Amino acid sequence: MKDMYILGIESSCDETSVSIVKNGTEEIATIISSQIDIHKDYGGVVPEIASRHHVKNITIVLEECLQKANMTMNDIDAIAITYGPGLIGSLLIGLEAAKTLSFIYNKPLIPVHHIAGHIYANSLVKELEFPLLAVVVSGGHTELIEMKKHYSFNKLGGTLDDAVGECYDKVARVIGLEYPGGPKLDQLSNEGEDTYKLPIPLNDNSYNFSFSGLKSAVINLAHNEEQRKNELRQADLAKSFQNVIVKSITSKVRKAILERNIKHIIVAGGVAANKALRKGMEDLANELKADLSIPPIKYCTDNAAMIAAAGYYAYLDKRIGDLNLNSKSQDILQ
Amino acid sequence: MILYIDTSSRYLYSAIVNLNKIIEEIKEDDGQNLSEVALPRIASMFEKSNLKPTDIKKIIVVNGPGSFTGIRIGLTIAKVYAWSLDIPITTIYSLEAMALSGKQEKIHVPIIDARRGFVYTAIYGKENEEILKPQHIELEKLKEELKNIEEYEVITNDEFDDFKNTTNYDPNILKIVEFFKDRKEINPHAVNPEYLKLTEAEENKK
């Protein structure tokens, strides 16, 4: 088969990104325009503001990516687009751009689920081996997904309430860290000791997670310390909290590896950048002799390279869309 | 060959115009489906007329005010189209297009319901010259402004009981395109919506 160059577009939250990937594995060029500084002032992503920036940025990001790759639209074989899940107003900008390019250049349009993108970020680093377990951890998702072959997804379990990244940001706020607090909390924990006793959430026999109870426990703890006029030892709380999160995730991953005969574990999503979690997963993989892939930090946050990579395998699986494609704020990966 | 796109309301208004003639035209109420159907409908105009996307030499797009999401749908299509084929693009206000579609030779007052007692509006003279610039104001304030004007025609797609002489907006796309086809072109990267209103988060922060 001849080489296939896929242009990926991602705009599901607050990053406008365009990338060109060859054969689903080789990144040619990626541009990401992040709005993180804009939303910082509001303590979180404001959907309408995000949409307004996507429409401003979209053609600039497209042009910069093609220039960086030294290619034109005529060199592109197909266009992959994040159709969902995400913020609907944001998704629509990428969608309309992708549909317009597909129409003008008469190229196949490949709808990609955002989580499939996070999983396939790993294919830019290392070939996937099956059966595989994808540990998807981000601000919107906490899921264990089993894959027996390319582009086949079987959800084993997921969070019953808050996503792990969401829990991180909320706890970070309680500790007094600025949005986005997750990475700052991760760093702060290095300076602390595990001295606060927190409950291990949903310590059961399922593949599911629950983080809202842990979040409430931290909020109550901070509140009680304040009432008692005790100083809140931020770093110790960060450390204690991280340990519980990592324990909760690795215990379910351990169960999956043993029960489902998993060969290859991949960690995907923004929280894959978390150092404590990376360490916990490495220790577990070593112990159980499973292969582990954690994408470099640049592929953990939202980017279009992962969408273009996933798009290649979606294309091979004949999952091709048409101009009637619409965005979906929620959709199950299947 | 000019492509006209307006998705600033629940309606899709689009046309391919050539040498003072409409080649193909769409006027349809798409409600919440605009994001899905806008592009396939536009593509179908090309199919029917046996034209290629590259036959278009200019784009005129409505960049607001109106539905925030709606504006962005048409504008994204238009700016990506113009950028990728490197063709001229120009923007017009929805209110300008509405004023040009008045039925009577009078002062024209296009009005779009912006909810909570507010409207997007402007006032245009008989030659479509701007008397009151496009803005987001309280309906009551607009009524004050109109007290000084003897005869005028309101053009709207929304329900207002406040005005005697009201025409339902049905765009005369040929007239709009002919009127604005020589307006100064804009770099596609700089083509942006005119919301005429900050987001709620920005307003609360002020």
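In this predicted model, the C-alpha centres of domain 1 and domain 2 of chain A are separated by 27 Å. The domain assignment places residues 5–120 together with 299–316 of chain A in domain 1, and residues 127–294 of chain A in domain 2.

Contact between the two domains of chain A involves ten residues of domain 1 and 15 residues of domain 2. On the side of domain 1 of chain A that touches domain 2, the elements contributing two or more residues are α4 (114–120) and α11 (304–316) of chain A. Of these contributions, the largest share is that of α4(A), with three residues. By residue class, this side of domain 1 of chain A consists of five nonpolar residues, four polar residues and one charged residue.

Chain B is described next. Its secondary structure comprises six helices and ten strands. The radius of gyration of chain B is 17 Å, close to the 17 Å given by the globule rule for 206 residues, so chain B is as compact as a globular protein of that length. The table collects overall values for this chain.

| Property of chain B | Value |
|---|---|
| Box filled by the C-alpha atoms, along the principal axes | roughly 50 × 45 × 30 Å |
| Residues of chain B that count as buried | 40% of 206 residues |
| Contacts in chain B with a separation of 6 or more that join residues 24 or more positions apart | 63% of these contacts |

Technical notes. Residues are numbered from 1 along each chain as its sequence is written. Chains are lettered from A and ligands numbered from 1 in the order in which they are written. This is a predicted model: local features need pLDDT of at least 70, side-chain atom pairs count only at pLDDT 80 or more; totals for chains, interfaces and linings use all residues. Domain bounds come from an automatic or database domain assignment. Two residues are in contact if their C-beta atoms, placed from the backbone, lie within 7 Å. Helices (H or I, at least four residues) and strands (E, at least two) are DSSP runs, numbered from the N terminus. Ala, Val, Leu, Ile, Met, Phe, Trp, Tyr, Cys and Pro count as nonpolar, Asp, Glu, Lys and Arg as charged, and the others, Gly among them, as polar. The radius of gyration is taken over C-alpha atoms; the globule rule is 2.2 Å times the number of residues to the power 0.38. A residue is buried if 20 or more other C-beta atoms lie within 10 Å of its own, exposed if 12 or fewer, and partly exposed in between; C-beta atoms are placed from the backbone.
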